Amino acid sequence: MASTACFVIVSKNDIPIYDAEVGSAPKKEDQAYQHQFILHAALDVVQDLAWTTNAMSLKSVDRFNELVVSVYVTAGHTRFMLLHDTRTEDGIKSFFQEVHELYIKIFLNPLYLPGSRITSSHFDTKVRALARKYL
Amino acid sequence: MGREVAESCLDGVVMEMVSAYCSRFYAAKPELAAGRIEAIGFQVGHQLSERYTMDRPRFSDHLEAIKFICKDFWSELFKKQIDNLKTNHRGTFVLQDNHFPWLTRVSLDPSMESTDATESDSASLGDTAAQTTTMLLYFPCGIIRGALTNLGITCAVSADMSNLPACSFVVRIKT
């Protein structure tokens, strides 16, 4: 099942702290840049939408050609953004919830400075495994 | 995220940390010790608030966030809620706890070592005991400040301990 997906975590200071291409389609260099551009452009929409609701999962906030951006916002205003194609709609909420748990584990590490890049390879492996499972 | 630790161990660690910063690390400079203790509390509060807000919807305004601190956050930390919340609706909140768990073991006899745990009584405080209690209260002030900062509210928190074991925390939101 070939699918494109790009996952980015943006902190509340609007600094991306983690990004990964998690789709199973063959990766092309220029497409990776385009995906990140689309996600960053969607940040404005997310900002407006985040104030209108109390829910964490904002579902799909923006479209570009056939790609859809889904966003999940935590109480600390950290945004998990996923760019995916319309074939992979289900399971995204569970994916976000599991990544949220992983993120909290990183956050509870006393040596982790909140707002800095997540460099743990363990986290990276886990996120990619979750992406294969749910997307 | 599910291992458990005895509550008395946690009380012991907090008391020892306060005593270490006051009498060993910054013995002659209580302001620096206070700052460090508050900073430790800040990081703890910051991380704990992320963990305890995981399963609940986000907050729409400051009052909701303060109510979360009074109810859910305090019951996760101390197994009880804040007893009284007052506000002047202009950014100042007073959180009053009538029986603060960490203060019930503070020794009030000024001639004893402050790390001993004995029953408290409501007699007048000696000088060193008052100072140790003030230092100890910087830690929960830091916890509250860290939790609120993670929820997006910049504030200053101070503690008022006019009658033990009740104490109140005054939160001033910076606008």
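How many residue pairs are in polar contact between chain B and chain A? The count is eight residue pairs, both residues being at pLDDT 80 or more; a polar contact is a pair of N or O atoms within 3.5 Å, where within protein one must be able to donate a hydrogen and the other to accept it, and residues adjacent in sequence count only if both atoms are side-chain atoms. This is a predicted model, in which local features need pLDDT of at least 70 and side-chain atom pairs count only at pLDDT 80 or more, while totals for chains, interfaces and linings use all residues. Residues are numbered from 1 along each chain as its sequence is written, chains are lettered from A in the order in which they are written, and side-chain values use heavy atoms, leaving out hydrogens and water.

**The interface of chain B and chain A**

- Chain B gives 16 residues to the contact and chain A gives 23 residues, contact meaning heavy atoms within 4.5 Å.
- About 1700 Å² is buried between the two chains, and carbon and sulfur atoms give 57% of this area; buried area is the accessible area (1.4 Å probe) that two parts lose on being put together, summed over both.
- On the side of chain B, the residues that lose the most area to chain A are B:E50, B:M54 and B:R58, together 46% of what that side buries.
- Helices α2 (30-52) and α4 (127-150) of chain B each give two or more residues to the side that touches chain A; helices (H or I, at least four residues) and strands (E, at least two) are DSSP runs, numbered from the N terminus.
- The largest share of that side, five residues, comes from α2(B).

**The largest pocket**

- The largest pocket holds about 920 Å³ of space; a pocket is an open set of points on a 1 Å grid where a 1.4 Å probe fits, with protein on both sides within 12 Å along at least five of seven lines.
- Its lining has 24 residues, and the closest to the pocket centre are B:V5, B:L10, B:Y52, B:E76 and B:L77; lining residues have an atom within 4 Å of a point.
- The largest share of the lining, six residues, comes from α1(B).

**Salt bridges**

- Over all chains, the structure holds nine salt bridges.
- B:E7 forms a salt bridge with B:K79, with the closest N and O atoms 3.2 Å apart.
- This pair links distant parts of the chain, 72 residues apart: B:E7 lies in helix α1 of chain B, and B:K79 lies in the loop between α3 and β1 (84-87) of chain B.

Methods
Points joined across faces, edges and corners; volume = space filled by probe spheres on them. Salt bridge = Lys/Arg side-chain N within 4 Å of Asp/Glu carboxyl O.
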